[in-house]
Amino acid sequence: MYFPLYRPAGRRHCFPPMSWNRRHLLTIEELSVAEIGLIHTTAAAFKKILARGEKSFSALRGKTIVNLFLEPSTRTRLAFEMAARRLSADVIAFDAASSSTTKGETLRDTAQNIRALGADMIILRHAAAGSPLYLSRLLDIPVINAGDGAHEHPTQGLLDTFTMQEHLGSLRGRKVVILGDILFSRVARSNIHALTKLGAVVTIVGPSTLVPPWFTALGVTVSHDLRSALADAEVVMLLRIQHERQMAGMFPSLGEYTGMFGLNKTRAGWLKPGALIMHPGPINRGVEIDSELADGANSVILEQVTNGIVVRMAVLHLCAGGQPEDVITAA
Ligand code: CP
């Protein structure tokens with residue numbers, strides 16, 4: 001089922017036909033198509049209200065949100081912080097480098113102390129897959145996954161599909177290619193779950209060491225032939241090489257990776273004309289994508305970043321107990 005991002009002309013309201021019942025956002029894998037639609041619809045309503053110049057909402061006034069980022073981040077951390085501030089929450093950015101985690105304090109103790117200090121929600125980025133699930137079972141407050149190891153990055157998958165829908169409408173039958181380091185990418189997994197649930201036809205492509213055959217179990221086509229994978233694709237999403245998670249020897253050298261799988265102008269010509277070029281960031285310019293494409297007319301990379309704010313506003317609003325119609329009615 002696909003919910004239109006915007007209310008059809010002539011209709012006062014277009015509410016998705018269910019309410020939001022989750023306290024945590026841990027994975028896209030566990031979300032239904034309807035729940036993805038609720039987040040997208042709520043984000044679209046926030047975007048419409050922001051476009052009118054209304055910059056803040058009182059939904060989370062008096063709530064304290066802790067950004068518990070134990071891996072580096074620019075986009076996700078700042079977008080969550082901006083989203084929380086737009087909803088009038090108090091936001092505390094946990095500084096991992098100066099925290100007692102450097103003295104060996106565990107994630108469990110860190111999180112329980114943050115809760116004891118009065119936090120109403122924790123946004124967690126951690127190198128360990130499953131760490132948000134672990135905290136969600138330990139704490140009595142919402143836990144939002146901002147990226148757990150190579151497992152999932154659900155808000156990235158939600159903002160990526162939101163951005164695609166803004167350009168393409170329904171994703172049913174749309175041909176989407178995800179190119180690069182799939183094996184170590186939480187972005188790839190979250191996008192695969194979101195895209196296949198929304199009906200897109202997904203091909204993952206890259207070296208066989210980084211794109212193993214068992215990914216077909218997730219409902220995607222595995223390819224190591226860039227030209228045939230890109231042929232007539234409507235979206236290509238580049239992923240960076242995750243050096244921090246890889247063992248040595250996944251491919252001979254960065255230069256050889258770029259030579260075989262880097263997106264350049266010639267290879268972009270194999271795409272369907274007007275195809276969207278996406279990247280979750282951070283970009284390694286000249287490795288997985290040439291600058292002229294990253295900054296070119298078909299790139300929506302910075303739109304992805306901007307949409308990250310309203311998608312995260314929607315997630316915070318819903319997981320804090322709000323409903324889509326609270327926002328849609330105001331839009
Ligand atoms: N896309 C993404 O997760 O970027 P950051 O690591 O900068 O948050």
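## Cavities

The second largest cavity is lined by Arg75, Thr76, Ala79, Gln156, Leu159, His279, Pro280, Gln304, Val305, Gly308 and Arg312. On a 1 Å grid over the protein atoms alone, a cavity is a set of points where a 1.4 Å probe fits but cannot get out, and lining residues have an atom within 4 Å of a point. The volume of this second largest cavity is about 70 Å³, a volume being the space filled by probe spheres set on the points. The count comes to 3 cavities of 30 Å³ or more.

## Basis of the model

This is a predicted model, in which local features need pLDDT of at least 70 and side-chain atom pairs count only at pLDDT 80 or more, while totals for chains, interfaces and linings use all residues. Residues are numbered from 1 along each chain as its sequence is written, and side-chain values use heavy atoms, with hydrogens and water left out.

## Ligand shell

## Polar contacts

Polar contacts are pairs of N or O atoms within 3.5 Å. A polar side-chain atom of Arg125 lies 2.9 Å from a ligand oxygen atom, and one of Gln156 is 3.0 Å from a ligand nitrogen atom. Pro280 places a backbone N or O atom 2.8 Å from a nitrogen atom of the ligand.

How values were computed:
Polar contact = N/O pair within 3.5 Å; in protein donor to acceptor, adjacent residues only side chain to side chain. 1 Å grid on protein atoms, 1.4 Å probe; cavity = no way out; pocket = protein on both sides within 12 Å on 5 of 7 lines; lining within 4 Å.
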